[in-house]
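Dear colleague,

Please find below the structure that I am handing over to you. I would be grateful if you would read the notes that follow with the structure open beside them.

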Amino acid sequence: MNIVANDIDYKILNEKIRDGQKTIHVKNCLGQRFIAAGMNEKNITIEGIPGNALGAYLNGANINVLGNAQDATGDTMNEGKIVIHGNIGDAAGYAMRGGSIFVQGDAGYRAGIHMKAYKDKIPSLIIGGKAGSFLGEYQAGGNIVVLGLNSEDNDIVGNYACTGMHGGKMFIRSNCKNVHFPYQVTAKKATLKDLVEIEEYIDEFCKLFGYNKKDVMDADFTVVIPDSKNPYQQMYVAN
């Protein structure tokens, strides 16, 4: 099913997607918000630029964006997959608790904040380029991977990465010599054993965007894990 979205209000667009066939192609998207929010069992391809909260509360649908996306993509998503063939705005994957987001390019500020995991639900956010400040703020679970493939230096994450982190892991394709992590986390050079944990993500990323897996993996990675399950006490309570 094809939908031309030029002059369609976001509510009408979502009604068409919800009531349409299982496989849907949206053309000429012009910033409509909340596309596919809460949906499952849909395969949606989008040409153009979807607006804020793309795939919010996603519950199993697959979304493929042939371009950039705006803020809050995958907000609180539960299951499914979102693939962005471009850059993404702020707060991608906010509080996501399952599923995966693959971004070919850069991510804005506060990507992956409040990510969490529960039982067999382990969310993943893979960013092919750089990530802005406050990456993984208050991360409680899941995996965040930043590859910096379009960067000529090691500064591929912004300021205040992992602030308040108390669960999950972050993998950064850099030696992170210039990154100042908060004291409630441990950042170390990733071992081969560590990298096994993200091999599946890297494999899918390379297949999606046409990269060579060996080239991507042939680099120093830094793995970041929390030291405390109660970082708020360390940050706000005087000893």
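This is a predicted model: local features need pLDDT of at least 70, side-chain atom pairs count only at pLDDT 80 or more; totals for chains, interfaces and linings use all residues.

The chain contains five helices and eleven strands. Its radius of gyration is 18 Å, close to the 18 Å that the globule rule gives for 239 residues, so the chain is as compact as a globular protein of that length. The C-alpha trace spans about 55 × 40 × 30 Å along its principal axes. Among contacts with a separation of 6 or more, 40% are made by residues 24 or more positions apart.

Turning to the interior, 50% of the 239 residues count as buried. In soluble globular proteins, nonpolar side chains tend to be buried together. The largest nonpolar core in this chain has 47 residues, of which Ile-17, Val-26, Ile-46, Leu-54 and Leu-135 touch the most other members. If neighbours within four places in sequence are left aside, the contacts of Leu-135 are Ala-111, Ile-127, Ile-144, Val-146, Val-157, Tyr-160, Ala-161, Cys-162 and Met-170. Another core, of 18 residues, lies apart from the largest one and includes Ala-190, Leu-195, Ile-198 and Tyr-201.

With kind regards

Methods:
Residues are numbered from 1 along each chain as its sequence is written. Side-chain values use heavy atoms; hydrogens and water are left out. Helices (H or I, at least four residues) and strands (E, at least two) are DSSP runs, numbered from the N terminus. The radius of gyration is taken over C-alpha atoms; the globule rule is 2.2 Å times the number of residues to the power 0.38. Buried means under 20% relative accessible area, exposed over 50%, partly exposed in between (1.4 Å probe, protein chains only). Contact means heavy atoms within 4.5 Å. A nonpolar core is a set of buried Ala, Val, Leu, Ile, Met, Phe, Trp, Tyr and Cys residues joined through side-chain atoms within 4.5 Å.
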